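Please read this report alongside the model.

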Amino acid sequence: MQDTTIEIIKDSTPLFTNDTIVFGILMVALGFIFYTSSREDGFWKKFYGIVPALFMAYFIPALLTTAGVISPEWISVSDSGEATVGASNLYYMSSRYLLPAALVLMTLSIDLKGVFNLGPKALIMFLAGTAGIIIGGPVAVLIVGTISPETVGGVGSDAVWRGLSTLAGSWIGGGANQTAMLEIYGYNQKLYGGMVFVDIVVANIWMAIVLFGIGKSAKIDKWLKADTSAIESLKEKVSDYAKKIDRNPTLTDLMILGAIAFGTVSFAHFGGNFLSSFFTSVVDEIPKGITRNIFTFLDSSFFWMITITTIIGVLLSFTKAKSYEGAGASKFGSVFIYILVASIGMKMDLTLIFDNWGLIVIGLVWMTIHAGLMILVAKLIRAPYFFLAVGSQANVGGAASAPIVASAFHPSLATVGVLLAVFGYAIGTVGAILCTVLMQLASAG
């Protein structure tokens, strides 16, 4: 008998779909957060003593998405039953335009020597995070597989471990590494959306926890018995320099800052597109197989855009452009970062947590192991929470969120997040392959 089941497509159109209106809503939310967090007494003083403003900048847009007021993407169904897909471009705008602008403005006053004086703990914590992802995948498969074997089952291109390989690529490297893993292991692309869904939900839950922890970093550092002297020294040195050159910016100052920021964005996009095209042809000449896919991150224009931006910022820090910190360079960079945080929060629909529980549980167990190993290593080497938070986000969040977390401690530290995230791109595919081999063995067992 022929199956005549008709799939009913649900209309998920939010209240506001116009990006101009949505952007205004996000800006009003950010304005509300900063106004209330500046209160010196009463309820808000106590509230922000517990909940960081940066977390609220992420959480309020998430609530608005969950309530159906705004949405990163949606399906509209007409009266005739015709479905059309819609999407917001705000995250693309903020990650491709405002993120590089923020990075160059925050890097203008960087003390490169001070960054290197932070020592090896940043790299150690990053590698601990990578190890946590590599180990966490197979352990999560074993734990969930013991309780629910069908959740980690599947055969051929439908095998769940193949899909989980794309999570490993994303959580160690980034989008380019995730795509490479999809190609290497040939996961069923019809099911791939489910893995992207797990990536978004679990990674955003963990980012929310990391942001929340920033407000408690002093207590966490005390528990870790961490030595924060190098970080505090760098922050103090940059702050003292900023105070020394502080001035009321003129219109000329502001226009030059705009030129530096968006001129860099323009050049970074131009250079990123050129280099990604060049390396695409180079990588394509490598015979198909693991070797080719290891280097696929080189054909990512986003990777090159972030790299070029960081290099330009560091080079400008050795010129007179550094003095524009006194005109508020890092403050404008922080504005752009908060807009990026809001656009990331907008991608999180809290109701999705209740969909596809099996894969979500795998992801949550996986991330818990990653977090647990990082906490253990931080405790052993007495690493500050800063290194734990940034090292983790450089893995799980990549170049879009690592600078956010780093700059929350101090704008001068944003570059640390970028450098670690770029390193994650380089090792992402190799680490993900190792993780996938272990997950395949775990699922077979």
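The sections below take up each topic in turn.

## Model and confidence

This is a predicted model: local features need pLDDT of at least 70, side-chain atom pairs count only at pLDDT 80 or more, and totals for chains, interfaces and linings use all residues. Residues are numbered from 1 along each chain as its sequence is written, and side-chain values use heavy atoms, with hydrogens and water left out.

The protein chain has an average pLDDT of 87 (pLDDT is the predictor's confidence in each residue, from 0 to 100). Of the residues, 96% score at least 70. Confidence is highest in helix α1 (residues 19-37), with a mean of 96. Confidence is lowest in helix α13 (residues 290-294), with a mean of 68. Helices here are DSSP runs (H or I, at least four residues), numbered from the N terminus. Residues 1-6 have a pLDDT below 50. Beyond near neighbours in sequence, this stretch makes zero contacts in the model (contact means heavy atoms within 4.5 Å). Where pLDDT is low, predicted coordinates should not be read in detail.

## Packing of α14 and α19

Two packed helices are described by the angle between their axes and the distance between the axes. The axes of helix α14 (residues 301-316) and helix α19 (residues 414-444) come within 11 Å. They cross at roughly 145°. Axes are lines fitted to C-alpha atoms, for helices over the stretch in contact, and angles run from 0 to 180 degrees between N-to-C directions. The crossing of α14 with α19 is left-handed (the near helix is turned anticlockwise from the far one by less than a right angle).

Which residues make the contact? From α14 come Phe302, Phe303, Ile306, Thr307 and Thr310. From α19 come Thr415, Val418, Leu419, Val422 and Tyr425. By class, seven of these residues are nonpolar, three are polar and none is charged. Ala, Val, Leu, Ile, Met, Phe, Trp, Tyr, Cys and Pro count as nonpolar, Asp, Glu, Lys and Arg as charged, and the others, Gly among them, as polar.

## Buried helix residues

Phe302 sits in helix α14. Is Phe302 buried or exposed? Its relative accessibility is 11%, so Phe302 counts as buried (buried means under 20% relative accessible area, exposed over 50%, partly exposed in between, with a 1.4 Å probe and protein chains only). Not counting residues up to four places away in sequence, Phe302 touches Ser95, Arg96, Leu99, Ala399, Ala400 and Tyr425.

Leu340 lies in helix α15 (residues 329-345). Leu340 is buried, because its relative accessible area is 0%. Leaving aside neighbours within four places in sequence, Leu340 contacts Tyr91, Ser94, Ser95, Leu99, Ala400 and Ile404. The C-alpha atoms of Leu340 and Gly313 are separated by 19 Å, at 27 residues apart along the chain.

Val416 belongs to helix α19. With a relative accessible area of 5%, Val416 is buried. Val416 and Ala122 are 294 residues apart along the chain, yet their C-alpha atoms are separated by 8.2 Å.

## Aromatic pairs

A pair of aromatic rings is described by the distance of the centres and the angle of the planes. How many aromatic pairs does a search of the whole structure find? The search gives 21. Rings of Phe, Tyr and Trp (its six-membered ring) pair if their centres lie within 6.5 Å; planes under 30 degrees apart count as stacked, over 60 as edge-to-face and the rest as tilted.

Phe278 and Phe279 form an edge-to-face pair, at 5.1 Å centre to centre and 80° between the planes. Phe278 is partly exposed, at 42% relative accessible area. Elsewhere, ring pairs link Phe32, Phe43, Trp44, Phe47 and Tyr48 into a cluster.

## Loop residues

Asp299 lies in the loop between α13 and α14. Asp299 is partly exposed, with 29% relative accessible area. Apart from neighbours within four places in sequence, Asp299 contacts Ser276, Phe279 and Thr280.

Lys225 is in the loop between α10 (217-224) and α11 (229-244). Its phi is near 55°, a positive value in a residue other than glycine. Lys225 counts as exposed, at 54% relative accessibility. Arg382 lies in the loop between α16 (357-381) and α17 (385-396). Arg382 has a positive phi of about 55° although it is not a glycine. Arg382 is partly exposed, at 46% relative accessible area.

Key:
Helices (H or I, at least four residues) and strands (E, at least two) are DSSP runs, numbered from the N terminus.
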